[in-house]
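Here is a friendly briefing to read alongside the model. Please have your viewer open as you go.

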Amino acid sequence: MKLFQDLLLGALSLAGASAIEVGDSFPPNVKLHHGFPPEKVELAKRIAGKNVILVGLPGAFTPTCSSRQIPGYLANADAISKLGVDEIIIFSVNDGAVMEAWAADQGVTSDSIITLMGDPYGELTEQLQLELTHAGPKSAGLINRSKRFASYIEDGTFKIVRVAESDEDPAGDNFPDATLAESMMSAIEALKAGKDEL
């Protein structure tokens with residue numbers, strides 16, 4: 001009976017939750033898959049004490065993600081590192097093998113600050129309340145996928161959260177700008193400038 005009550009309370013809590021916001025802490029005990037056979041990475045531990053850009057994308061090998069999203073972060077990796085970012089973690093609701101293949105296809109090397117990981121069970125996507133639920137992407141086969149978002153996290157606390165979506169462009173395919181590398185760099189620079197003024 002207690003197990004049922006715990007499950008019910010958990011479901012009600014999740015149903016009433018809102019998407020992650022600035023000031024929220026990164027959810028504990030969530031693991032992403034890296035490579036194959038997958039290394040299961042507990043993200044809260046990995047990012048502790050670090051400055052990290054976390055990017056969620058609707059799908060591996062999808063057009064906008066492959067033509068603008070990852071190439072932009074690759075091209076700006078050095079400049080992003082100079083802003084004090086330790087790692088750029090890009091994930092999608094895919095398995096580790098697919099993400100490893102996508103990283104190779106995009107030219108992401110093992111010595112890069114960019115790491116591609118899989119969220120095969122949609123666990124992180126669900127915890128962040130950023131599941132792409134619009135009927136349009138679902139009709140194209142994007143089921144239980146992540147919205148297109150980019151965030152900046154300092155020592156486990158979200159400092160910047162940006163989601164690319166609208167009724168006309170629910171997956172942010174046409175207008176991903178808010179989540180692209182250049183926009184995130186500008187946002188981080190503005191955040192740091194604000195801190196310097198305090």
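The notes below go from the overall picture to salt bridges, aromatic pairs and one histidine.

This is a predicted model, in which local features need pLDDT of at least 70 and side-chain atom pairs count only at pLDDT 80 or more, while totals for chains, interfaces and linings use all residues. Residues are numbered from 1 along each chain as its sequence is written, and side-chain values use heavy atoms, with hydrogens and water left out.

**Overall picture**

- The protein has 8 helices and 7 strands; these are DSSP runs numbered from the N terminus, with helices (H or I) of at least four residues and strands (E) of at least two.
- Of the 198 residues, 45% are buried, where buried means under 20% relative accessible area, exposed means over 50%, and partly exposed is in between (1.4 Å probe, protein chains only).
- Among contacts with a separation of 6 or more, 74% are between residues 24 or more positions apart; a contact here means heavy atoms within 4.5 Å.
- The accessible surface is about 9,900 Å², and carbon and sulfur atoms contribute 52% of that; the areas come from the Shrake-Rupley method with a 1.4 Å probe, and for residues only the protein chains shown count as cover.

**Salt bridges**

- You will find 3 salt bridges in the structure, each defined as a side-chain nitrogen of Lys or Arg within 4 Å of a carboxyl oxygen of Asp or Glu.
- Glu42 and Lys45 form one of them, at 3.8 Å from N to O, and Lys45 is exposed, with a relative accessible area of 62%.
- Arg46 and Glu87 form another, at 2.8 Å from N to O. This pair links distant parts of the chain, with Arg46 in helix H2 (residues 43–47) and Glu87 in strand E4 (residues 87–92), 41 residues apart.
- Within that pair, Arg46 is partly exposed at 24% relative accessible area, whereas Glu87 counts as buried at 7%.
- Arg68 and Asp177 also meet in a salt bridge, at 3.8 Å from N to O. Arg68 sits in helix H3 (residues 63–75) and Asp177 in the loop between strand E7 (157–163) and helix H8 (181–197), so the pair ties together parts that are 109 residues apart in sequence.
- Arg68 counts as partly exposed at 36% relative accessibility, and Asp177 is partly exposed with a relative accessible area of 36%.

**Aromatic pairs**

- A search of the whole structure gives 3 aromatic pairs. Rings of Phe, Tyr and Trp (its six-membered ring) pair if their centres lie within 6.5 Å, and planes under 30 degrees apart count as stacked, over 60 as edge-to-face and the rest as tilted.
- Among them, Phe26 and Phe158 are stacked, because their ring centres are 6.0 Å apart and their planes are at 15°. Phe26 lies in the loop between helix H1 (2–15) and strand E1 (31–34), and Phe158 in strand E7, 132 residues apart.
- Both Phe26 and Phe158 are buried.
- Phe91 and Phe149 have ring centres 5.8 Å apart and planes at 65°, so this pair is edge-to-face. It connects Phe91 in strand E4 with Phe149 in strand E6 (residues 149–154), 58 residues apart.
- Phe91 and Phe149 are both buried.

**A look at His33**

- His33 belongs to strand E1 and is buried, with a relative accessible area of 9%.
- Leaving aside neighbours within four places in sequence, His33 contacts Pro38, Glu39, Lys40, Gly96, Met117, Gly118, Pro120 and Tyr121.
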